[in-house]
Amino acid sequence: MTEGDPGLAIATQGLVKRYGPRPAVDGLDLHVPRGMVYGFLGPNGSGKTTTLRLLVGMARPDAGSMELLGEPYTWRDRRRLFRVGSLIEQPSFYPYLSGRENLRVFGAAGPPTPRHRAEEVLGFVGLRDRAGDKVKTYSLGMKQRLGIATALLSDPELLLLDEPANGLDPGGIVAMRELLRFLTSQGKTVLVSSHILPEMEQMADVVGIIAAGRLVREGPLAGILDEGTRVRVGVPEEAVGRALEILAALSPTVESAPGGLGDQRWIAVRVANDQASEVNRALAQGGVFASGLESGSDLETAFLALTGPAGPDPQGHLGPPPGWGQPGSQAR
Ligand SMILES: Nc1ncnc2c1ncn2[C@@H]1O[C@H](COP(=O)(O)OP(=O)(O)O)[C@@H](O)[C@H]1O
Ligand SMILES: [Mg+2]
């Protein structure tokens, strides 16, 4: 096996994990640069948790290879994990012990840490005032924060957080973002998974988007946001064919979407950010009169477009909306 890439905190090649006949992770090639917040985005069931479990040896891959912190890594390599902190799925704490006592219990399983470190990480997650209270009195968000504190206890170089914003209120999410910024300013790498896009938009430097166990897009967040604008227009049913033709000349990405008002049908098209107004103009010039023009360019649009079940559909079959679902409708 060759040396790993020292610029990457995580690299996977062709990673596969099957549960029964269907792969949960299906040939995944991740590239997580060091010193950044990497947003691992995907709808529920897309394979995020399974990937993280593979990375920390909680599950064995069926195929593929992994590098962790610049060196090849196998699931048996427990020592490497001393340099990795993780919070995967719901943390389960002892309800009748305090937050501080739980931290001690869980800390004992990892590498030795100095005593003051527990107080420090409790401070990082804003739990110092409540650290003496029994965990059974904690809200979901507080348990989540205690989970992050536990993951940070050994001062890991790489932090893996699976949906850490679950249960946090908006203030808690802002605080977590600041904590992650602080960690990356110290040269640490953070991989944070989520199925909620606005969170990632706020937090990540780089994103990897996973759908059905495969990476469909990976790169700097800013680049993905610059990719273009999606415009959706309503056109009369009898003009759908003509509208698809006109728009195909404008963009390689044209999709008919389901629904519409009365005899209107939706068509979605991706264009450059400064070209949104061209869509309506081109349709009008071609004798198609569109209504209900909407456009968006945020990560949500990009994410839903990439992961949506319906791609371009030459038959004009009206499948589920490619990228125009309700915000958050992919959740759960
Ligand atoms: N232990 C398991 N046994 C069987 N199927 C599993 C197991 N863990 C995950 N899966 C399946 O693998 C797929 C990916 O799940 P998961 O990694 O939890 O996705 P995500 O974290 O993105 O929601 C899902 O279809 C899920 O049902
Ligand atoms: Mg999950």
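Two strands count as paired here if DSSP finds at least two bridges between them, and the helices (H or I, at least four residues) and strands (E, at least two) are themselves DSSP runs, numbered from the N terminus. Strand β10 (residues 206–211) and strand β11 (residues 214–220) run antiparallel and are joined by six bridges.

A word on what we are looking at. This is a predicted model, in which local features need pLDDT of at least 70 and side-chain atom pairs count only at pLDDT 80 or more, while totals for chains, interfaces and linings use all residues. Residues are numbered from 1 along each chain as its sequence is written, and chains are lettered from A and ligands numbered from 1 in the order in which they are written.

Now the overall picture. The chain has 10 helices and 15 strands. Of its 332 residues, 43% count as buried. By buried I mean that 20 or more other C-beta atoms lie within 10 Å of the residue's own; exposed means 12 or fewer, partly exposed is in between, and the C-beta atoms are placed from the backbone. For contacts, the rule is that two C-beta atoms, placed from the backbone, lie within 7 Å. Among contacts between residues at least 6 apart in sequence, 71% join residues at least 24 apart.

Back to β10. How many of the six residues of β10 are buried? Six of the six are, so the strand is largely enclosed by the rest of the structure. V206, G208 and I210 lie on one side, V207, I209 and A211 on the other, and both faces are covered.

Next, please find β8. Five of its five residues are buried, so β8 too is largely enclosed by the rest of the structure. L158, L160 and D162 point one way, and L159 and L161 point the other way. Which strands does β8 pair with? Strand β7 (residues 84–87) runs parallel to β8, with four bridges, and S86 is the bridge partner of L160. β9 is also parallel to β8, joined by five bridges, and in that pairing L160 stands opposite L191.

Let's move to a helix, α5 (residues 170–185). The expected span of a helix is 1.5 Å times one less than its number of residues. For the 16 residues of α5 that should be 22 Å, and the end C-alpha atoms are 23 Å apart, which agrees. Which residues of α5 are buried? They are M176, L179, L180 and L183. These cover an arc of only 100° around the axis, which puts them on the same side of α5; the arc is that of the directions from the helix axis to the C-beta atoms. The face turned away from the buried side carries the exposed residues P170, G171, E178, F182 and S185. Over the buried residues we find, among others, β4 (37–41), α3 (115–124), β8 (158–162), β9 (189–194) and α6 (197–203). Just after the helix, G187 takes a positive phi of about 85°.

Compare that with helix α4 (residues 140–152). Its 13 residues reach 19 Å from first C-alpha to last, close to the 18 Å expected. This helix is mostly covered, with 11 of its 13 residues buried, and K143 and R145 are among them. The cover over the buried residues includes β7, α2 (99–107), α3 and β8.

What about the ligand? A residue is near a molecule if its C-beta atom, placed from the backbone, lies within 6 Å of it. Around ligand 1 that gives Y19, A24, G42, N44, G45, S46, G47, K48, T49 and T50. Helix α1 (residues 48–55) supplies the largest share of this shell, three residues. By class, the shell has two nonpolar, seven polar and one charged residues; Ala, Val, Leu, Ile, Met, Phe, Trp, Tyr, Cys and Pro count as nonpolar, Asp, Glu, Lys and Arg as charged, and the others, Gly among them, as polar.

One last stop: R78, in the loop between β6 (71–73) and β7. Buried or exposed? R78 is exposed, with 9 other C-beta atoms within 10 Å.
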